[in-house]
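Please read the following briefing alongside the sequence and the model. The notes after it are grouped by topic.

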Protein chains: 2
Amino acid sequence: VTAGPAPLALTCGDLAGIGPEISAKAWSRRRRDGPCFFWLGDPAALKGLGVPMAPISAPHEAPALFTEALPVLPVTGQSPAAVTIGAIAAGTRLVLDGQASALVTNPISKKSLADAGFAYPGHTEFLGALTGSPVPPVMMLAIPGLRVVPATVHVPLAKVPDLLSEKLLVETARTLHAALKRDFGCAVPRIAVAGLNPHAGEQGLLGTEEQTIIAPAIAAMTAEGMNVWGPVPPDALFTPRARETYDAALCLYHDQALIPLKALDVDHGVNVTLGLPIIRTSPDHGIAADIAGKGIADPASLLAALDLAARMAAGRGPV
Amino acid sequence: VTAGPAPLALTCGDLAGIGPEISAKAWSRRRRDGPCFFWLGDPAALKGLGVPMAPISAPHEAPALFTEALPVLPVTGQSPAAVTIGAIAAGTRLVLDGQASALVTNPISKKSLADAGFAYPGHTEFLGALTGSPVPPVMMLAIPGLRVVPATVHVPLAKVPDLLSEKLLVETARTLHAALKRDFGCAVPRIAVAGLNPHAGEQGLLGTEEQTIIAPAIAAMTAEGMNVWGPVPPDALFTPRARETYDAALCLYHDQALIPLKALDVDHGVNVTLGLPIIRTSPDHGIAADIAGKGIADPASLLAALDLAARMAAGRGPV
């Protein structure tokens, strides 16, 4: 066994979803060529999935075992939700410690966790708190050929206009700009900023946020030296020709970013959290409880998340 | 000359945009095989575009001339905006009279027309008024493989939640359902309805309009016998697999409908107005004043609009 990078930490996600199944399938597809990862969760959830498990007590044991069995770092809890949350917390600590090179998270059910008293709307906000991130974490979704960042995420659409501010957009752009340079090989990142309203407001006729918030934010970004432009009419931002002009699209709300991404490629989307001290990726789908246990779940998005996390980790030194 | 269907009426649109150029190019591409159309506007706007013009005084003169020259029915006015508006009004009257088989409109600038005192936010609303349509007109956008209908259109995003109602959604679905049966060959139309909020509200955690407005509207549509389902999480509605399941997606706002459509195919989009007593299509792009006069405008979308209008007209009798 050669000394390689630390393994990736893969959390179990919601145990009622497809997380265990796609984790097992991902191990089968990557066991020979890597990247090496270990699974954090209740080992009972992997029973019956047809893959050998190897319990480990620390991440450094994983590489020697990975070809023959899926390494499992057991996480226990008083409820399924407690295991789900505990795995995220434990994985994060291991990456912060340098024992794992990146965190890859299986999907969670926000509703199930909220019902169990979980105080965060999603992974991103929880990881910001766990890592004591000095800047608010930012969610990026990536498929081959398109990266999108929604400035607001898991909030009702009706609240989006009030949540937008020049400060939010500039801070989000700073985090995105730094990540594109550090982790995505963009020497001079090109960032296109979406408008909010139809036709980007059509000079105020269809909304004024472009004039009062977005254009001033873009001017501030430009003053900081970023290569950024907009506000682009939202429906013009994702055309095949437009997508070739930028490294990432800075969007204003969840579906403005995710609708085009999933329309173009729903199978290989990766969720990346920017602005954390750790690398974190995730498959871009939900827990899919409706198909859990049927053996038909597709691990493509998880595989893309593992591969991207490994590429990002290869370009970074220790945390 | 054989007696064929009445020609299509093509309006000039904004004379500062690419309308004249793409009209001339469309004539060059369709002059031999049709469909036959005539152009309504100021003939001076076609000068220098390299196509022969043939002034006409009535639509029935167009077919005999069409192979050799672009038939032009002159429209005059005291300003460019007056010509643009007058062409729409004149073309609509000719279709209502049966002298033309369908109306195809070149793009207009809502801002320019509003500045000139035009009281309608766009073509769709103006045509509803001109034709005395008994139901509110509905905008459909179509590319090969995807038809979308936004229930609200040219309004600021912040106003969308307040504009949504069970009544609006049910009326829009009725118009869509009837049009799919009458003009698009769908014997039993399949209509998927979008949610408003991220994840369709995730059971109320991310917004409640799904529970208070959209689900009740879908229940009412179902009770009327329509084959309709939802609310579908907006970012799941346009995936390649999802698009195969419906004949049209009923969306809640402009960009929810147009972002995925233009991400997939920005060149062949057609705007169709449903619920009018006349057939009306339009290219799915703006006036593109930035490239007007350069000779580089692409007539693909206008050609698609002309072709679709002709197919729809072929399936209908006289108005």
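A salt bridge is taken here as a side-chain nitrogen of Lys or Arg within 4 Å of a carboxyl oxygen of Asp or Glu. By this rule the count comes to 18 salt bridges over all chains, and one of them joins A:Arg30 to A:Asp307, whose closest N and O atoms are 2.8 Å apart. This is a predicted model, in which local features need pLDDT of at least 70 and side-chain atom pairs count only at pLDDT 80 or more, whereas totals for chains, interfaces and linings use all residues. Residues are numbered from 1 along each chain as its sequence is written, chains are lettered from A and ligands numbered from 1 in the order in which they are written, and side-chain values use heavy atoms, with hydrogens and water left out.

**Salt bridges within a chain**

- A:Asp115 is exposed, with a relative accessible area of 59%, while A:Lys111 counts as partly exposed at 21%.
- In chain B, B:Asp247 forms a salt bridge with B:Arg190, the closest N and O atoms being 3.0 Å apart; B:Asp247 lies in the loop between α9 and β10 and B:Arg190 in strand β8, so the pair ties together parts that are 57 residues apart in sequence.
- B:Asp247 is buried at a relative accessible area of 14%, whereas B:Arg190 is partly exposed at 30%.

**Symmetry and interface**

- A rotation of 180° with 0.0 Å of shift along its axis superposes chain A on chain B with an RMSD of 0.0 Å, the copies being superposed by least squares on the C-alpha atoms of residues with pLDDT of at least 70 in both.
- That is the relation of a two-fold axis, and in chain A the C-alpha nearest the axis is that of A:Pro260, 2.5 Å from it.
- The contact (heavy atoms within 4.5 Å) takes 40 residues from chain A and 40 residues from chain B.
- Because 100% of the interface residues of chain A are also interface residues in chain B, the copies meet through the same surface.
- The area buried between the chains is about 3500 Å², of which carbon and sulfur atoms give 66%; buried area is the accessible area (1.4 Å probe) that two parts lose on being put together, summed over both.
- In chain A, A:Leu157, A:Asp235 and A:Ile259 lose the most area to chain B, together 19% of what that side buries.
- Four salt bridges are found across the interface, including the one between B:Lys262 and A:Asp235, with closest N and O atoms 3.2 Å apart.

**Helix α10 of chain A**

- Helix α10 of chain A is mostly covered, with 10 of its 11 residues buried, among them A:Pro260 and A:Lys262.
- Its buried residues pack against β6 (138-143), β7 (146-150), β8 (190-194) and β10 of chain A together with α9 (240-243) and α10 of chain B.

**Aromatic pairs**

- The structure holds nine aromatic pairs over all chains; rings of Phe, Tyr and Trp (its six-membered ring) pair if their centres lie within 6.5 Å, and planes under 30 degrees apart count as stacked, over 60 as edge-to-face and the rest as tilted.
- A:Tyr253 and B:Tyr253 form an edge-to-face pair, 6.3 Å centre to centre with 65° between the planes.
- A:Tyr253 is buried, with a relative accessible area of 2%, and B:Tyr253 is likewise buried at 2%.

Terms used
Buried means under 20% relative accessible area, exposed over 50%, partly exposed in between (1.4 Å probe, protein chains only). Helices (H or I, at least four residues) and strands (E, at least two) are DSSP runs, numbered from the N terminus.
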